[in-house]
Amino acid sequence: MTTELAANGKPFVHNHGAHCETAVTSALFRYQGLDISEPMIFGIGSGIFFGYLPSVKLVHLQVTAFRNRPGTVFRKAAQRLGANLVIKTYRDPQKGMNELRQVLKAGHIVGLATNLYWLPYVSERHRHNFGGHNIIALREIEGGFRISDPTFGDPVDCSAEGLERARFVPGPMNPRGFMYYTKSINPHPDLRRACIKGMKNSCGLMLRIPLPIFGVRGMRFLAKRIVKSEVKLGFQEACRHLAGTVRWVEETGTGGAGFRYMYAAFIQEASELFGSEDLVRLSRDMTAIGDTWREFSVMSARIIKKRNRPEATFANAGGLILKCADLEEAFFRDLQKVVKKLKA
Amino acid sequence: MDFEDEIFSDGLPKVYYKHDDQGRYVLETDAPWAEKVTCALIIAGNRANLEEIRKAVLAGQKSPLCYYMELRQMDPVMLAKAAGIATFRVKRHLRPEIFAKLKPSVLDRYSKALRIPLEELKTVPNR
């Protein structure tokens with residue numbers, strides 16, 4: 001935790017967060033005086049999700065998403081908490097950068113969507129060609145900007161040229177200079193109602209999407225693919241695909257175990273808010289689900305490392321995902337019932 | 001094991017949620033072991049792939065464009081959008097004999113899209 005000054009001299013507290021989008025949103029709200037934690041935003045914005053997209057590839061590996069599309073968590077959370085936001089995209093990079101400078105001069109702090117590959121301060125292991133990384137611009141400095149990137153520990157400096165490139169990189173996932181800041185927020189929002197809305201929405205997303213690649217069905221689909229992958233692709237290639245999946249579970253700013261721990265932290269906070277015993281139990285269930293995902297990633301790492309353990313096989317790794325799918329289906333059905341009893 | 005630690009000692013640390021003994025959630029900066037292993041595998045794979053392409057370019061089987069596209073973690077479809085050139089043309093330009101005949105205006109578009117100076121785009125580093 002470090003304190004920085006924004007353009008108008010107002011102090012901004014930089015908090016280390018696990019996920020870029022939720023951490024940026026909570027930082028924007030906190031700057032405006034609404035003290036709200038990162039897991040709370042994640043839960044209210046219905047961040048938890050599962051999607052396996054076999055046709056979308058990043059650096060030759062399929063996308064396995066453990067959260068909702070970039071941008072939705074932030075939009076939903078803002079709507080449910082009654083915040084008034086300015087959201088903008090640009091065609092012309094020069095115009096986008098000029099407006100950023102103006103808004104910063106006016107004393108706002110600004111959330112930006114950037115491409116992770118082109119940010120100059122990012123090291124090799126974080127470099128994916130991924131256009132949905134969120135950061136906060138605090139103020140303009142000589143030759144660049146002061147940036148608070150909540151996924152990393154401290155505020156950093158970024159050159160203007162690098163930031164422009166990251167904001168406007170051409171290609172299929174072009175962020176188009178996506179920029180947002182809070183105009184005003186409700187300092188005393190109805191947190192209970194927002195939580196209930198978020199939980200209900202999450203249940204729907206996980207259980208009711210009638211496509212085989214999303215929600216609980218998507219997990220079963222992925223499990224089948226992993227079991228078959230060794231025969232289909234050969235050991236070496238199957239390992240790479242498995243490693244790609246594990247990277248989505250543990251890396252890419254999930255806070256560990258594919259956001260499941262973060263969601264458990266949200267349920268825990270919500271249980272204090274509602275004083276509900278059911279939610280305490282559900283939080284423990286979610287932790288168990290997170291542990292199963294962690295078990296899956298450890299098992300996969302053993303397969304990759306060829307640790308010669310008889311139980312480390314692709315069939316068992318797929319089995320663990322099936323177990324996760326069963327546990328999560330039970331969890332969200334349970335949550336649906338519990339939410340109905342909660343009073344806003 | 002060394003390679004994993006080397007990769008993870010570089011750069012800024014991330015945080016992870018972790019439950020302590022009472023079941024409360026706290027933040028910690030130690031990366032889980034599984035993440036280290038898989039990240040190392042993917043990065044090693046990418047590096048080996050890049051090296052293979054570099055050798056193929058030197059042997060005259062692929063064009064330098066292929067090397068720089070891989071370096072920037074793109075595929076022909078992404079590069080086509082970034083450079084504003086049709087995908088089938090980008091795929092053709094991955095062949096060395098066709099790449100050698102490209103006009104400077106086309107090369108200029110690639111050099112802007114990939115952020116590689118025009119001079120470097122025609123060759124690959126000879127390590």
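I began with burial in chain B, where 31% of the 127 residues count as buried (20 or more other C-beta atoms within 10 Å of a residue's own, the C-beta atoms being placed from the backbone). I note that this is a predicted model, in which local features need pLDDT of at least 70 and side-chain atom pairs count only at pLDDT 80 or more, while totals for chains, interfaces and linings use all residues. Residues are numbered from 1 along each chain as its sequence is written, and chains are lettered from A in the order in which they are written.

I then listed the secondary structure of chain B, which comes to eight helices and two strands (DSSP runs, H or I of at least four residues for helices and E of at least two for strands), and I read the order from the N terminus as α-β-β-α-α-α-α-α-α-α.

I looked up the domains of chain B and found domain 1 at 1-60 and domain 2 at 62-127, with bounds from an automatic or database domain assignment. Eight residues of domain 1 of chain B are in contact with nine of domain 2 of chain B (C-beta atoms within 7 Å).

In their contact, A:Glu21, A:Thr22 and A:Thr25 of H1(A) meet A:Val73, A:Phe74 and A:Ala77 of H3(A).

Methods. Two residues are in contact if their C-beta atoms, placed from the backbone, lie within 7 Å. A residue is buried if 20 or more other C-beta atoms lie within 10 Å of its own, exposed if 12 or fewer, and partly exposed in between; C-beta atoms are placed from the backbone.
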